[in-house]
Amino acid sequence: MKEKYIRRVDLIFEKVNCREIMEKIMGMEPDAICQEVLDSDLKGRGGAGFPTGMKWRFASKEKDPVKYIVCNADEGEPGTFKDRQILDEVPGKVFCGMAVAARAVGSKSGYLYLRGEYRFLIPKLKTALDEFHRIADEFNLNFRIQIRLGSGAYICGEESALFESIEGKRGEPRNKPPYPTSEGLFNRPTAINNVETLVHSVMIMKYGAARFKELGTKDSRGSKVFSISGDTPKPGIYELELGMSVYEFVEEFGDGDTKAVQVGGAAGFCVPRKRFEETIIGFEGVPTGGSMKLFNSTRSMYNVLHNYLDFFTEESCGQCTPCRVGCQQLLMGIEAVKRGEKNSRYLEELLKLAKTMKIASKCGLGQSVGNAFGSIVENFREEIIY
Amino acid sequence: METFIVNELVRELANKHGRTRESLLPILQDLVVQNRYLTSQDMVDVARELDISAADVFGTATFYSFLDTEVRGKYVIRICKTISCAMKGKNDILNTIEDTLKIRVGETTSDKKFTLLETNCIGWCHKAPAMLINDTPYIDLTTERVTEILRGYMKK
């Protein structure tokens with residue numbers, strides 16, 4: 001019998017008494033909270049992987065009396081649906097995580113920005129929020145949260161675009177620096193974290209940094225909630241220890257005929273079968289916000305790439321030229337190669353364009369289009385051409 | 001002095017959400033919940049309530065794909081076209097809806113009851129194909145199931 005490598009974890013969906021956490025954080029110095037999270041090596045679970053404790057400490061050092069905590073629940077990356085499940089099952093824990101951040105940073109006001117596609121969660125979230133506010137009052141934590149909705153724009157998951165959207169404007173990303181921890185929402189110091197990251201911070205408060213670090217690898221500590229879809233007999237949401245290889249992942253979740261795994265959604269990387277063993281799922285290998293899509297040999301990788309490029313062409317906010325025009329040109333480019341109007345060498349030109357987009361685009365959207373494009377074109381060249 | 005006919009709904013929403021720029025999206029979103037789309041007059045009225053330019057309101061509204069500025073039906077169907085749903089038979093579902101409602105993607109039925117649109121990933125990839133009707137998700141769709149769902153809405 002084959003050994004099972006995948007270690008399942010159950011921390012994110014574990015029921016937690018918010019009062020217990022509140023008692024703990026109110027008894028701690030704000031800097032001690034930052035230090036505990038820093039010691040845990042927790043990195044942001046939205047995909048970018050910035051150390052959470054460092055983000056909080058930067059924001060806590062700012063002198064501004066007004067600071068904000070923002071929970072990024074604009075889960076729009078294709079193939080990601082774990083935040084929806086977290087908000088649906090343990091909404092109180094998400095607000096509790098925002099309280100941990102508020103106490104660490106010294107903030108009185110928070111926003112949860114929920115994508116419009118998840119509006120159906122609002123009644124449940126409001127009930128949990130009322131309960132949370134009552135608990136905060138019991139512990140004399142002066143912190144209030146408001147819920148804001150998106151309206152179908154993927155780009156609003158980018159932190160500065162999300163701020164613009166809360167401020168009532170078009171969701172166009174800002175130039176960085178300044179970073180959110182110094183000038184974020186309403187140009188005030190802001191700690192913005194993904195839903196899952198905030199819930200992890202609650203578990204770190206509960207069990208301590210040392211326990212969190214027992215899981216995972218040196219570069220990728222802890223567990224992660226994965227959203228698994230595509231050609232798999234068991235699609236769904238799984239909390240797994242970080243640090244497994246794609247091979248181990250496919251052994252567990254593949255259908256026996258997996259030819260590629262897209263790690264990290266449309267903005268992520270495509271890992272072909274020949275690289276399954278050497279590729280680690282984590283910050284040392286392929287990072288992911290949780291999206292794992294499996295493709296078997298019946299799938300055309302041209303169709304996959306076309307779908308992603310069509311997605312980016314629609315979702316590019318359009319303010320910077322490399323991204324706006326680049327997405328369109330990549331899409332038209334592979335169509336022209338497929339039709340035979342351009343020869344296969346044209347793909348080299350398109351790869352150069354994708355590299356230019358990575359360097360010249362203003363935000364993460366344009367900068368990451370080249371990830372999927374490069375990894376699919378380089379590994380499945382014949383499928384793009386013929 | 002000019003006199004304006006007050007748009008009661010806009011005024012009510014401005015009272016509820018406030019009259020700062022920050023209130024703009026919540027007001028527009030609630031208008032869409034009520035009417036399914038924004039008329040030019042709505043946007044002008046919102047601009048007046050918030051004392052900002054109508055161009056700013058229009059510019060903001062048109063940025064967001066769920067803030068429709070074209071006529072929409074009472075029930076807006078948004079079918080997910082991103083990869084997982086595409087792989088799991090989204091086109092069959094789409095064809096079934098088109099045949100049942102006798103409209104194509106982007107169109108509204110003549111009785112203004114249904115609008116059919118495609119949208120990007122709505123976060124139900126493990127239960128693909130999926131769609132939204134207004135705010136309600138429908139998942140694990142089959143051609144039989146989607147016909148049944150539409151029949152239910154037709155009776156409403």
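A residue counts as buried here if 20 or more other C-beta atoms lie within 10 Å of its own, with C-beta atoms placed from the backbone. Keep that cut-off in mind for chain B. Of its 156 residues, 40% count as buried. One caution before going on: this is a predicted model.

Let me stay with chain B. The C-alpha atoms of chain B fill a box of roughly 60 × 30 × 25 Å along the principal axes. Chain B has 7 helices and 4 strands. Reading along the sequence, the pattern is α-α-α-α-β-α-α-β-β-β-α. Now the contacts in chain B with a separation of 6 or more. Of these, 60% join residues 24 or more positions apart.

Next, the sheet. In what order do the strands of chain B sit? The order is β2-β1-β3-β4, in an open sheet of 4 strands with mixed pairing.

Look at one pair. Strand β1 of chain B, residues 75-80, pairs with β2(B) in the parallel sense. The pairing runs over 6 bridges. For an example to find on screen, take B:V76: its bridge partner in β2(B) is B:T115.

Now put a helix on that pair. α6(B) lies across β1 and β2 of chain B. The helix runs at about 155° to β1(B).

α6(B) has a helix partner too. Helix α6 of chain B covers residues 90-101, and helix α7 of chain B covers residues 143-155. Their axes come within 9 Å and cross at roughly 35°. Is the crossing right-handed or left-handed? For α6(B) and α7(B), the crossing is right-handed. From α6(B), the contact uses B:D92, B:I93, B:T96, B:I97, B:T100 and B:L101. From α7(B), it uses B:T143, B:V146, B:T147 and B:L150. By class, the residues of this contact divide into 5 nonpolar, 4 polar and 1 charged.

On to the partner chain. How many residues of chain B are in contact with chain A? 31 residues of chain B are in contact with 37 residues of chain A. On the chain B side, four elements each supply at least two residues: α2 (24-35), α4 (54-61), α5 (83-87) and β4 (136-138). The largest share comes from α5(B), with 4 residues. The side of chain B that touches chain A has 16 nonpolar, 12 polar and 3 charged residues.

Last, chain A itself. Its domain assignment gives domain 1 (18-213), domain 2 (223-296) and domain 3 (301-385). Take domains 2 and 3 of chain A. Their C-alpha centres lie 22 Å apart. The contact takes 8 residues from domain 2 of chain A and 11 residues from domain 3 of chain A. Which strand gives the most to the domain 2 side? That is strand β8 of chain A, residues 269-272, with 3 residues. By class, the side of domain 2 of chain A that touches domain 3 of chain A has 7 nonpolar residues, 1 polar and no charged.

How values were computed. Residues are numbered from 1 along each chain as its sequence is written. Chains are lettered from A and ligands numbered from 1 in the order in which they are written. This is a predicted model: local features need pLDDT of at least 70, side-chain atom pairs count only at pLDDT 80 or more; totals for chains, interfaces and linings use all residues. Axes are lines fitted to C-alpha atoms, for helices over the stretch in contact, and angles run from 0 to 180 degrees between N-to-C directions. A crossing is left-handed if the near helix is turned anticlockwise from the far one by less than a right angle, and right-handed if clockwise. Two residues are in contact if their C-beta atoms, placed from the backbone, lie within 7 Å. Ala, Val, Leu, Ile, Met, Phe, Trp, Tyr, Cys and Pro count as nonpolar, Asp, Glu, Lys and Arg as charged, and the others, Gly among them, as polar. Domain bounds come from an automatic or database domain assignment. A residue is buried if 20 or more other C-beta atoms lie within 10 Å of its own, exposed if 12 or fewer, and partly exposed in between; C-beta atoms are placed from the backbone. Two strands pair if DSSP finds at least two bridges between them.
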